[in-house]
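Hi,

Here is the structure I promised to pass on. Have a look at it first, and my notes follow below.

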Amino acid sequence: MTRFTPTTPEEVLETVRWAAAEETPVEVLGHGSKRGIGHVTQTEHQIDLSKLTGVTLYEPEELVLSARAGTPLAEIEALLAEHNQELQFEPLDYGPLLGEAEGRGTIGGVLAANLSGPRRLKAGAARDHILGIHAVSGRGEAFKSGGRVVKNVTGYDLSKAMAGSWGTLAVVTDVTFKVMPRAETEATLVLRGLTEEQAAEAMSIAMGSSGEVASAAHLPESVTGRVLDGALRGKGSTLLRLEGFGPSVDYRFERLAALLQGRGTQGRIDGDESRKLWREIRDCRPFADGTPRPVWRVSMTPSEGHRMVMALRMEAAVDAFYDWQGGLIWLRMEAYPEAEAVRRLIAQFGGGHATLIRAHPMVRDGVPLFQPPARGLAALSQRLKEQFDPKGILNPGRMGF
């Protein structure tokens, strides 16, 4: 296998032009922290972007940061923290769940996988914060989209088209993201002892209140002891995060606690301990157990998630916890992926998307890992692929469709 390690956008362009001319498929990756997601690409060559690094622009006052695609996300987050800023969509780190070290992801991988975290309901995902890109298409043509200003409006935004494409459309060399001030403090209201149905109702009330809840999650009894070093072991925990200035957080916390009075036993987690809790939820730490047991990431209507899980438990051995007010469900199966059952029940309970994030390599090849797109979306995806990579040289087969 030939591994190309370009250090400049010009070298990326040269490499892709060679691959396009030779019609030679290539695998595109950064540090490989998410390489275990999706189908294995059948290629003899790699374009390794781990040397294409560096922050090229950071203007804290303008809330804008640009960097080469291979720049470690941890490096960018550390720089932002020095200025009390952050990527508000708090991209998750798949490393621990996939048996890799934490902190190995790159900023280009954040866009390629369209990452997000528990603040998704309030802040969106990577695609909602990307301002611009420089990239090289599978045709071997350099292009750019967007710019370095928050109010940039240029019609169809190719930057967003790259989000969630997993490197199958173009090799992104530079990204520009909007950044935001970091909240002064945060606190988490904990409701103990609710069933999954009761938790769904409590989270719905909280998100519809004036409390400005930033995140809402529920950890059933079987899961809650796997965060904060076991501090929440015992009854299930329904978690509601509030952020902002200290007095505002305290005021909203008391109002929210009063609104939810009688719904379980109440507790409070503050500051750094609260941030640690939500990082562990973000990174699916309860299921980062060092095993290849199948883990699904399911997105569906929040009010239907717990019903789908209950039905699934009648057919398979499964553990689960909920983020995004129940709209994101992490499932860990005890044995087989149960892809047919998972997707059938999601459709039965209103529809949604399911991605098999982790499974034994021998199992992955025989399962549709990404949600098969609907007919109209599949046709659009195919047209995009034909426009950007007509010879199919970039990460062929990664998404399985």
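This is a predicted model: local features need pLDDT of at least 70, side-chain atom pairs count only at pLDDT 80 or more; totals for chains, interfaces and linings use all residues.

The second largest pocket has a volume of about 760 Å³. A pocket here is an open set of points on a 1 Å grid over the protein atoms alone, where a 1.4 Å probe fits, with protein on both sides within 12 Å along at least five of seven lines; lining residues have an atom within 4 Å of a point. The volume is the space filled by probe spheres set on the points, which are joined across faces, edges and corners. Glu77, Glu90, Pro91, Arg279 and Arg282 are the closest to the pocket's centre among its 39 lining residues. By class, that lining has 13 nonpolar, seven polar and 19 charged residues (Ala, Val, Leu, Ile, Met, Phe, Trp, Tyr, Cys and Pro count as nonpolar, Asp, Glu, Lys and Arg as charged, the others, Gly among them, as polar).

Beyond its neighbours within four places in sequence, His306 is in contact (heavy atoms within 4.5 Å) with Glu196, Glu197, Ala200 and Tyr322.

As for the largest nonpolar core, it has 81 residues, and Trp296, Met308 and Leu331 are among those with the most contacts inside it. Such a core is a set of buried Ala, Val, Leu, Ile, Met, Phe, Trp, Tyr and Cys residues joined through side-chain atoms within 4.5 Å. Apart from it lies another core of 17 residues, including Ala202 and Leu240.

Residues are numbered from 1 along each chain as its sequence is written, and side-chain values use heavy atoms, leaving out hydrogens and water.

Cheers

Terms used
Buried means under 20% relative accessible area, exposed over 50%, partly exposed in between (1.4 Å probe, protein chains only).
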